[in-house]
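My notes follow in the order in which I looked things up.

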Amino acid sequence: MALSFEALTGALTIGTDGWNRGLRDAGTSLDQFRNRANTAFAGVSRASMSVAAGIKHLGTVAVAFGTAALGASKIMSEMGSAANEAAGRFDHGLRKQADAARQAIDQFADKVGRSRFQLRGMVGDLSNTLKTMGLSEEAVKTMSVGLTKLSVDLGNFYDKSEEEVQGAFKMAILGRVVALRQFGIQLTEEQIKEEAYRSGLAKSAEEIDKTVRAQVIYSLILKKTTELQGDAERNTQTLANTQKKLWAAVRDTATTLGQVLVPMYQRAYAAAVQVVQPIADWVKQSENQAKVQNFLNRAFEITTKVLK
């Protein structure tokens with residue numbers, strides 16, 4: 001059958017309309033896809049920014065933690081170094097009695113909840129003072145450990161630091177007995193002379209040397225503090241003593257770790273000296289000092305020009 005011109009034109013028109021609708025539908029689909037893609041990319045971008053921010057925060061935390069750890073290790077190494085030096089004074093003051101004195105004071109520290117290293121340091125300091133009085137090693141051990149224990153008891157009762165009480169004991173041993181009055185201990189020269197003669201340490205009340213005086217003062221201190229001896233151990237469960245026990249544990253732990261770190265820091269500092277010392281030696285030379293001064297002056301001039 002023959003196809004008329006009108007029928008052909010109509011068919012082309014219908015076909016064209018379908019093509020145009022197809023293009024429009026395709027364009028709409030492309031727009032929708034583009035919008036969805038943009039939304040997806042925006043989400044990925046935000047997620048990436050969040051991840052980056054998270055990484056940045058983690059880095060900040062890591063740096064802060066590392067700085068804190070380095071600072072803590074330095075403090076602990078200093079504590080360990082101080083403990084090592086105190087141990088040297090301890091051994092020097094007590095000599096052959098050092099092990100027995102260390103065992104006695106450590107047991108006491110554990111009973112009353114005080115730092116072993118703190119009390120060892122107190123015993124060591126006091127032993128070196130007593131050593132100058134001409135006392136025997138056994139007497140030095142007995143008196144330094146005994147007065148350190150009593151320092152803890154009186155400090156606990158009067159709410160004073162152990163070191164403050166021990167300082168008063170040390171001054172009394174050296175002859176300034178007035179320092180004991182703040183702890184309720186009254187000693188007079190007459191009492192000291194009478195006790196020295198009565199105990200047989202002196203042949204007469206007038207013949208008292210520094211060795212006898214130290215022994216007599218120690219004896220009188222013990223007699224006048226009978227009721228307070230053991231006060232710290234009797235009151236270990238109070239809040240104040242529980243807090244002291246906690247800090248004693250922290251101190252001893254940090255000090256022990258510090259003693260492990262000391263050799264590491266010694267090696268690090270020794271290596272740093274090897275680097276810095278040649279530079280210091282070079283700068284000490286007068287001709288090199290002039291070079292350094294010229295360099296710094298030139299750098300200052302350049303910096304000034306740039307800032308202008």
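**Entry 1: elements.** I counted ten helices and zero strands in the protein chain. From the N terminus on, the order reads α-α-α-α-α-α-α-α-α-α. Helices (H or I, at least four residues) and strands (E, at least two) are DSSP runs, numbered from the N terminus.

**Entry 2: what I am reading.** This is a predicted model, in which local features need pLDDT of at least 70 and side-chain atom pairs count only at pLDDT 80 or more, while totals for chains, interfaces and linings use all residues. Residues are numbered from 1 along each chain as its sequence is written, and side-chain values use heavy atoms, with hydrogens and water left out.

**Entry 3: confidence.** I looked up pLDDT, the predictor's confidence in each residue, from 0 to 100. Its mean over the protein chain is 83, and 78% of the residues reach 70 or more. Residues 1–5 stay under 50, and the model has one contact for them beyond four places in sequence. Residues 7–16 are also below 50, with one contact in the model beyond near neighbours in sequence. Contact means heavy atoms within 4.5 Å. Where pLDDT is low, the predicted coordinates should not be read in detail.

**Entry 4: whole chain.** The protein chain has 308 residues, and 29% of them count as buried. Buried means under 20% relative accessible area, exposed over 50%, and partly exposed in between (1.4 Å probe, protein chains only). I noted an accessible surface of about 19900 Å², with 62% of it belonging to carbon and sulfur atoms. These areas come from the Shrake-Rupley method with a 1.4 Å probe; for residues, only the protein chains shown count as cover. Of the contacts between residues at least 6 apart in sequence, 68% join residues at least 24 apart.

**Entry 5: helix 4.** Because 16 of its 22 residues are buried, helix 4 is largely enclosed by the rest of the structure.

**Entry 6: nonpolar core.** A nonpolar core is a set of buried Ala, Val, Leu, Ile, Met, Phe, Trp, Tyr and Cys residues joined through side-chain atoms within 4.5 Å. The largest one has 47 residues, and F169 and I221 have the most contacts inside it. At least two residues each come from helix 1 (5–94), helix 2 (98–112), helix 3, helix 4, helix 5 (162–173), helix 6 (189–198) and helix 7 (210–224). Helix 4 gives the most, eight residues. Leaving out residues up to four places away in sequence, F169 touches L147, L150, S151, L154, L180, I185 and I221.

**Entry 7: S115 and helix 3.** I found S115 in the loop between helix 2 and helix 3. S115 is buried, with a relative accessible area of 2%. S115 caps the N-terminal end of helix 3, with a side-chain oxygen 3.3 Å from the backbone nitrogen of F117. The S115 side chain also reaches the backbone nitrogen of Q118 at 3.1 Å. Which side chain does S115 join in a polar contact of 2.5 Å? The partner is D252. A polar contact is a pair of N or O atoms within 3.5 Å; within protein, one must be able to donate a hydrogen and the other to accept it, and residues adjacent in sequence count only if both atoms are side-chain atoms. Buried residues of helix 3 include F117, Q118 and L119.

**Entry 8: T255.** T255 is in helix 9 (residues 239–284) and is buried at 3% relative accessible area. Apart from neighbours within four places in sequence, T255 is in contact with M79, G80, A83 and F117.

**Entry 9: E189.** E189 lies in helix 6 and is partly exposed, with a relative accessible area of 32%. The E189 side chain makes a polar contact of 2.7 Å with the side chain of R213.

**Entry 10: positive phi.** Most residues other than glycine have a negative phi. R95 has a positive phi of about 50 degrees and lies in the loop between helix 1 and helix 2. D159, which follows helix 4, has a positive phi near 55 degrees. R95 counts as partly exposed at 47% relative accessibility, and D159 as exposed at 67%.
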